[in-house]
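Good morning, and thank you for the time. I ask you to keep the structure in view while I speak.

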Amino acid sequence: MADAVAGVIEQWRRERPDVDVSPLAVVARVMRLSRLWDKEIKDFLAQHDLEPGEFDMLSTLRRSGEPYELTAGAFLKASLVTTGAVTLRVDRMDAKGLVTRVRDEGDRRSVKIRLTPRGLEVIDRVLPLHLESEARLLEALDEAETVGLASMLSRLLTSYGDTSG
């Protein structure tokens with residue numbers, strides 16, 4: 001059975017045979033998957049009283065290593081969100097007891113965002129479950145297909161300058 005995008009492509013080919021609609025075969029499918037996966041991930045995280053942005057912050061802080069803290073500026077660079085968005089997110093997460101703000105010992109003007117013991121417990125408990133949930137999103141692919149798709153998507157992201165450096 002064909003997916004919904006195949007029907008769209010066929011309709012465009014019938015209506016506009018003069019236009020190359022082949023990019024839809026990839027772009028429209030990636031966009032549809034993005035919407036579907038976004039909902040799946042939001043629903044999963046909601047079961048754990050987390051929003052995607054909160055999970056991102058917990059993950060970023062946890063990956064940073066002990067003492068699981070980053071300056072707001074370093075977090076901004078890692079997450080590509082606005083200063084206002086980080087402030088609001090930290091406020092919500094502070095109220096939940098997941099993170100705290102601490103003054104930088106070396107520069108009293110600088111504030112660091114730090115995982116609390118509760119935040120560390122939450123990310124360490126939810127991360128494996130989250131990864132299992134993400135694996136289910138890919139279960140239609142075998143291991144070789146997953147590796148190949150990851151490589152192709154990485155090449156596309158890199159072509160847009162989305163690099164770790």
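A word on the source comes before that. This is a predicted model, in which local features need pLDDT of at least 70 and side-chain atom pairs count only at pLDDT 80 or more, while totals for chains, interfaces and linings use all residues. Residues are numbered from 1 along each chain as its sequence is written, and side-chain values use heavy atoms, with hydrogens and water left out.

I turn to the pockets. A pocket, on a 1 Å grid over the protein atoms alone, is an open set of points where a 1.4 Å probe fits, with protein on both sides within 12 Å along at least five of seven lines; lining residues have an atom within 4 Å of a point. The largest pocket has a volume of about 470 Å³, where volume is the space filled by probe spheres set on the points, joined across faces, edges and corners. Which elements give two or more residues to its lining? They are α2, α3 (52–63) and α6 (117–137); helices here are DSSP runs of H or I with at least four residues, numbered from the N terminus. The largest share, 4 residues, comes from α2. Among the lining residues are W37, D38, F55, H130 and E134. By class, this lining holds 7 nonpolar, 2 polar and 2 charged residues. In that count, Ala, Val, Leu, Ile, Met, Phe, Trp, Tyr, Cys and Pro are nonpolar, Asp, Glu, Lys and Arg are charged, and the others, Gly among them, are polar.

The second largest pocket has a volume of about 260 Å³. Here α2 and α7 each supply at least two lining residues, and α2 gives the most, with 6. The lining divides into 8 nonpolar, 1 polar and 1 charged residue. W37 is one of its residues, and W37 also lines the largest pocket.

Next, the surface. V26, V27, V30, M31, L141, L149, M152, L153 and L156 form a nonpolar patch with about 730 Å² of accessible area together. The elements that give two or more residues to this patch are α2 (24–46) and α7 (143–159). Such a patch joins nonpolar side chains (Val, Leu, Ile, Met, Phe, Trp, Tyr) within 5 Å, from residues with over 30% relative accessible area and no salt bridge; areas come from the Shrake-Rupley method with a 1.4 Å probe, and only the protein chains shown count as cover. M152, in helix α7, also lines the second largest pocket. Is M152 exposed or partly exposed? M152 counts as partly exposed because its relative accessibility is 46%, and partly exposed lies between buried, under 20%, and exposed, over 50%.

Finally, the structure holds 15 salt bridges, each a side-chain nitrogen of Lys or Arg within 4 Å of a carboxyl oxygen of Asp or Glu. D18 and R16 form one of them, at 2.7 Å from N to O; D18 is exposed at 56%, whereas R16 is partly exposed at 38%. D43 and K39 meet at 2.6 Å, and they are separated by about one helical turn because they stand 4 residues apart in α2. R125 and E121, with closest N and O atoms 2.8 Å apart, likewise lie 4 residues apart in α6. Salt bridges that share partners also join D49, E51, E54, R92 and K96 into one network.

Methods: Patches are made of residues with over 30% relative accessible area and no salt bridge: like charges are joined within 9 Å, nonpolar side chains (Val, Leu, Ile, Met, Phe, Trp, Tyr) within 5 Å. Buried means under 20% relative accessible area, exposed over 50%, partly exposed in between (1.4 Å probe, protein chains only).
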